[in-house]
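Below are some questions about the terms used for a predicted model, each with its answer.

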Amino acid sequence: MAPSLLHPPSHLSPAAALQLSQQAPFVLQSSPATVSSAPLTALFSASETPDLWLKYENLLLSCLRTGDEHAAHQCLDRLVARFGENNERVQALKGLVREADATNNADLEKILRDYDNILAENGTNIPVTKRRIALLRSMGRVPEAITMLVRFLGFSPTDPEAWSELADLYLSQGMYSQAIFALEEVLVMAPNAWNMHARLGEVQYMAASATGASDAESLKYLAEALKRFARSVELCDDYLRGYYGLKLVTTKLINYPPKPAVVKATDVDDFTVPTTPTVEKLNELATEKLSEIVRRYTAKERHWRGYDEAEIAAARELLAKDASQTEK
């Protein structure tokens with residue numbers, strides 16, 4: 001399906017983003033350069049459709065991704081003319097365009113100060129707060145970004161995207177338990193998000209292999225990761241990352257040193273380790289499903305073409321490695 005300007009372009013591939021940005025000349029020519037900001041005039045204007053401003057915003061984002069700063073500025077000018085300089089969303093978009101135009105660290109520092117001035121007047125300006133956090137992260141100032149994101153979640157605790165971003169920041173610092181907590185908060189708000197169950201499983205799998213983790217802690221993280229990957233594929237039967245993670249964690253558990261069914265330790269809560277036959281069955285299931293996904297994707301079967309090529313390559317490599325170990 002062709003990308004649409006009615007949907008945010010943040011998760012599109014570079015090729016799809018380029019396809020959207022190439023629509024800029026047509027969109028800008030077919031829409032008025034200026035419109036009245038008066039509410040009643042805008043309401044009855046034939047040229048202003050409900051989707052027009054969403055298209056401008058998404059076109060602006062696509063143009064910034066593909067380096068078309070001129071078209072991005074045109075989109076921004078129209079949004080400013082329509083909603084005014086003090087609109088919170090417009091302020092964030094202006095900051096984003098300035099970030100794209102910045103040529104050195106001094107320019108970025110000035111943008112940070114301008115964000116601070118805006119937030120000094122309105123500390124709950126969510127779009128600008130998020131832009132400041134993103135800018136801090138891009139500048140490598142991760143501890144500051146974490147501090148500000150924690151503060152942001154203090155007044156907006158039901159933002160799953162913010163919790164997910166916080167988990168990513170914690171993970172970049174090797175703070176596994178904090179990252180796990182943040183992802184659990186995401187699942188409180190989105191319990192059926194199969195991708196987030198798999199993401200939590202991935203972080204728990206990484207925590208199990210972290211330096212300094214005790215045997216009991218590692219085993220607990222592996223058992224929890226298994227549950228998350230299993231839940232992920234239960235919610236989405238063809239989710240490649242879920243089956244990939246399930247294959248990894250079950251292989252790790254099968255090769256783990258002998259373990260009791262229930263592990264007790266002073267540093268972790270009691271937990272139940274799945275039985276070996278159960279783990280082996282799940283391993284077989286993951287192998288069969290990954291093989292099917294790779295085979296049908298490679299054959300270019302209809303409805304099996306939506307996977308990422310890099311993920312398919314990783315799955316193919318994992319299956320080949322498992323086959324070679326089985327032969328030995």
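Q: What is the handedness of the crossing where helix 4 passes helix 5?
A: In this predicted model, helix 4 passes helix 5 in a left-handed crossing. The contact takes in residues of helix 4 including Trp53, Tyr56 and Leu60, and residues of helix 5 including Cys75, Leu79 and Phe83.

Q: What makes helix 4 roughly antiparallel to helix 5?
A: The axes of helix 4 (residues 52-66) and helix 5 (residues 69-83) cross at roughly 150 degrees and come within 8 Å. Angles over 145 degrees count as roughly antiparallel, so helix 4 is roughly antiparallel to helix 5.

Q: Which kinds of residue make up the contact of helix 4 with helix 5?
A: Twelve would be the nonpolar share: the contact divides into 12 nonpolar, no polar and three charged residues.

Q: Why is valine 128 called buried?
A: Valine 128 has 0% relative accessibility. Buried means under 20%, so valine 128 counts as buried. Valine 128 sits in helix 8 (residues 126-138).

Q: Which residues is valine 128 in contact with, leaving aside its neighbours within four places in sequence?
A: Valine 128 is in contact with Glu88, Gln91, Ala92, Tyr115, Ile118 and Leu119. Glutamine 91 is 37 residues from valine 128 along the chain, yet their C-alpha atoms are separated by 6.8 Å.

Q: Which residues touch the most other members of the largest nonpolar core?
A: Leu135, Leu149 and Leu166 do, in a core of 36 residues. Among the elements giving two or more residues to this core are helix 8 and helix 10 (160-172). A second, separate core has 22 residues, including Leu52 and Leu60.

Key: Residues numbered from 1 in each chain as written. Predicted model: local features only at pLDDT ≥ 70, side-chain atom pairs only at ≥ 80, totals over all residues. Heavy atoms only, no water. Helix = DSSP H or I, 4+ residues; strand = E, 2+ residues; numbered from the N terminus. Buried < 20%, exposed > 50% of the residue type's maximum accessible area, 1.4 Å probe, protein only. Contact = heavy atoms within 4.5 Å. Axes fitted to C-alpha atoms, helices over the stretch in contact; angles between N-to-C directions. Parallel < 35°, antiparallel > 145°, perpendicular 65-115°, else oblique. Left-handed = near helix turned anticlockwise from the far one by under 90°. Nonpolar A, V, L, I, M, F, W, Y, C, P; charged D, E, K, R; others polar. Core = buried A, V, L, I, M, F, W, Y, C linked by side-chain atoms within 4.5 Å.
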